[in-house]
Protein chains: 2
Amino acid sequence: MNIIDKLYDRVEKRGVVCVGLDTAIDYVPDHIKEGRSISEAIFEFNKQIIDATYDVSACFKVQIAYYEALGLEGLNAYKKTLDYLRSKDEIIIADIKRGDIAATAKMYAKAHLEGDFEADFVTLSPYMGMDSIEPYMPYFENGKKGAFVLVRTSNPGADDIECLDVTTGKKVFEVVADKLSEMSKECIGECGYAPVGGVIGCTHVEEGKKIRESYNNMFFLIPGYGAQGGTAEDVALYLKDGNGGVVNSSRGILLAYKKVGKPEEFAACAREEAIKMRDAIREAVKR
Amino acid sequence: MNIIDKLYDRVEKRGVVCVGLDTAIDYVPDHIKEGRSISEAIFEFNKQIIDATYDVSACFKVQIAYYEALGLEGLNAYKKTLDYLRSKDEIIIADIKRGDIAATAKMYAKAHLEGDFEADFVTLSPYMGMDSIEPYMPYFENGKKGAFVLVRTSNPGADDIECLDVTTGKKVFEVVADKLSEMSKECIGECGYAPVGGVIGCTHVEEGKKIRESYNNMFFLIPGYGAQGGTAEDVALYLKDGNGGVVNSSRGILLAYKKVGKPEEFAACAREEAIKMRDAIREAVKR
C-alpha cells in the first residue's frame with residue numbers, strides 16, 4: 001500500500017489530527033520525571049501520549065529539534081519514540097526540514113527514511129532547488145515513503161521569501177508548489193494524492209481556497225492549529241471533503257493538562273483535546 | 001574576541017582552506033577500520049585528518065548528514081569530532097542547514113551552539129524568512145557564535161528558487177543577502193565582517209564580482225572546490241585581499257590518498273592536498 005494511501009485511509013477512519021510530539025523536558029509532569037533520566041522521561045511521556053491519542057489521530061509528527069537540543073540523550077529518546085510508533089503501525093512524520101543536495105541529501109534520506117531514525121514522511125526545505133528534493137525520489141517512487149516540502153507557511157517571515165512576486169506572475173511558493181506537483185505526478189496514489197505533499201500554513205480565506213484548488217493532488221501538512229492561532233474554520237478551507245491534509249497540534253495537545261491543572265492526567269487531557277480538535281474540524285468541514 | 005575576528009585571523013595566518021569532514025564510512029581506509037566500531041573508526045579517521053591539516057587550514061566544516069545517516073553511533077562520532085576540534089581550539093562550522101522558526105529555531109540553536117554538539121558557526125536555510133534566522137541573534141550579538149546562511153549556491157537547482165527574478169528587480173538570493181546584511185550590521189567585528197555570513201557557490205565571473213562588491217561586510221563560506229569543480233581562479237573572485245571567505249573542500253582532501261593509492265598515508269596526503277589548495281588560491285588572489 002502506498003504510504004499516501006495509508007495516510008488518506010487513516011484520515012478517513014480517524015480524522016485529520018496530527019499529534020505533534022515537540023516534547024520539551026519542561027512539558028513533562030514531575031511524576032513522570034521522578035526516578036527517570038531525561039531520555040527515559042521524554043520517552044515515557046511520549047509513549048503515554050501516543051497510547052492515549054493514536055485511535056483518534058491520523059499520524060504523529062515528531063519535531064527533531066527538541067530532541068537534538070538535548071544532544072545524544074535526546075536523540076536516544078527520539079529513536080525510542082519512532083521505534084514505539086512503528087511497533088504500533090502508526091504513521092510517523094519526521095519534522096526535520098532538511099535541505100541539501102546530491103550526496104548530502106542522499107545521506108539525509110538514508111538517515112531519516114532508513115536505520116535508527118526511520119520515519120514514513122520527512123519534511124524538507126526547497127531553498128536550494130529541486131535537486132534538494134530529487135535524491136529522495138527513489139523512496140517515493142516505490143510508494144514506501146513520502147515527504148512534505150515547505151511551500152507556504154503562516155509565520156510573519158513568509159513574506160520575506162515565500163511570498164515574493166516573481167516576474168513570471170507567480171509567487172515563490174507557487175513556483176515551488178508547481179515544481180513539486182510536476183515532479184510527483186508519476187507516483188500519485190489511489191487516493192488521488194502524491195506522496196510529495198506540501199507544508200501549508202493557514203493564512204487568509206482567498207489564498208486558502210486558491211491553494212486548495214490549484215494543487216489538487218497535493219496532500220497538505222497544516223501546522224499552527226490551536227496554540228499558534230489557526231481555527232477549525234481556517235483549516236477546513238485546506239481540506240477536500242475532510243481529507244487531503246492533516247492538521248498538526250503540538251503544545252495544544254501535549255499541554256492540555258495545564259489548562260485544567262491536572263498533570264497526573266496529562267494523557268487523558270491530551271486525548272480529550274485531540275477529540276475536541278478532530279470534531280471541531282469535522283463540523284467546520286460540513287458547514 | 002568576536003568569533004568572526006578569530007576566523008579572519010585564522011585566514012590571515014593559515015590561509016582560506018576549510019577542511020570538510022563529510023566522512024562516509026567507505027572513505028576510511030581498512031587499517032583504521034580494523035578492530036574499531038564504525039563510530040570509533042570515523043572518529044579516528046577525522047582525528048588524524050585534523051592533526052595533519054589544522055595548521056594549514058582556517059577551520060573545519062563538519063557535515064552532520066553523514067553522521068545522521070549512521071544513526072546514534074554516527075552522532076556519537078560527530079560529537080567526539082566536535083569535542084576534539086574544540087579541545088584544539090579549532091574553529092568548527094556545523095553544516096546543518098537547519099531552517100525553522102520560533103521555539104523550534106531556538107531548540108536548534110541550543111542543539112548546535114551549546115551542549116553535546118556545540119559548534120562555532122552553523123549553516124542555516126532562509127526559506128521560511130528572517131524569523132528563521134533571528135532566534136539565533138543573541139548568540140551572534142555577544143560575539144561568541146556565527147552562522148553562514150544559504151544565499152547563492154552553484155548546484156543546477158539554484159535556478160529554481162535562489163535565482164528567480166523578483167518584481168523589485170532583484171533576484172531571490174539578493175533579497176536574502178540584503179536582509180542578512182541589514183540584520184547583522186550592528187554586530188560587525190573589528191575585521192569588518194559580520195558573524196552572519198553567506199554560503200556562496202562559485203558560479204560565473206560577473207556574478208562573482210558583483211556579489212563580492214555588493215556585500216562588503218559579508219564573510220563567505222565557499223563550497224565546491226576541487227571535487228565539485230571550482231578552481232582557484234573562481235574562488236579568488238569571492239575573496240578580498242585573500243580574506244573575507246573560507247573555501248571548503250571535503251572529498252578533495254579526505255580522499256587525496258586514493259589518487260596516489262596510498263591508504264596508509266591518508267593523513268599526509270590530506271595535508272599535502274590542503275597545502276596545494278591553499279597555495280593555489282594564494283597565487284590566484286595575487287593575479
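This is a predicted model: local features need pLDDT of at least 70, side-chain atom pairs count only at pLDDT 80 or more; totals for chains, interfaces and linings use all residues.
Contact, in this presentation, means heavy atoms within 4.5 Å. Residues are numbered from 1 along each chain as its sequence is written, chains are lettered from A and ligands numbered from 1 in the order in which they are written, and side-chain values use heavy atoms, with hydrogens and water left out.

I begin with the two chains together. Chain B contributes 56 residues to the contact, and chain A contributes 56 residues. Between them the chains bury about 4,600 Å², 63% of it on carbon and sulfur atoms; buried area is the accessible area (1.4 Å probe) that two parts lose on being put together, summed over both. On the side of chain B, the three residues B:Leu72, B:Tyr127 and B:Met128 supply 17% of the area buried against chain A, more than any other three.

How are the two copies related? Chain B is superposed on chain A by a rotation of 180° with 0.0 Å of shift along its axis, and the RMSD is 0.0 Å. The copies are thus related as by a two-fold rotation axis. The superposition is by least squares on the C-alpha atoms of residues with pLDDT of at least 70 in both. The residue of chain B that comes closest to the axis is B:Val166, whose C-alpha is at 2.2 Å. Both copies use the same surface, as 100% of the contact residues of chain B recur in chain A.

Next, the helices. A helix here is a DSSP run (H or I, at least four residues), numbered from the N terminus. Axes are lines fitted to C-alpha atoms over the stretch in contact, and angles run from 0 to 180 degrees between N-to-C directions.

Helix H5 of each chain covers residues 71-87, and H5(A) packs with H5(B) at an angle of about 170°, their axes 11 Å apart. The two helices are therefore roughly antiparallel, a term for angles over 145 degrees. A:Leu72, A:Leu75, A:Asn76 and A:Lys79 meet B:Leu72, B:Leu75, B:Asn76 and B:Lys79. Ala, Val, Leu, Ile, Met, Phe, Trp, Tyr, Cys and Pro count as nonpolar, Asp, Glu, Lys and Arg as charged, and the others, Gly among them, as polar.

Within chain A, H5(A) also meets H3(A), residues 38-53; their axes come within 8 Å and cross at roughly 25°. H3(A) and H5(A) are therefore roughly parallel, the term for angles under 35 degrees. Their contact includes A:Phe43 of H3(A) and A:Tyr84 of H5(A), and it has seven nonpolar, four polar and five charged residues.

Thank you for your attention.

How values were computed
Angles under 35 degrees count as roughly parallel, over 145 as roughly antiparallel, 65 to 115 as roughly perpendicular and the rest as oblique.
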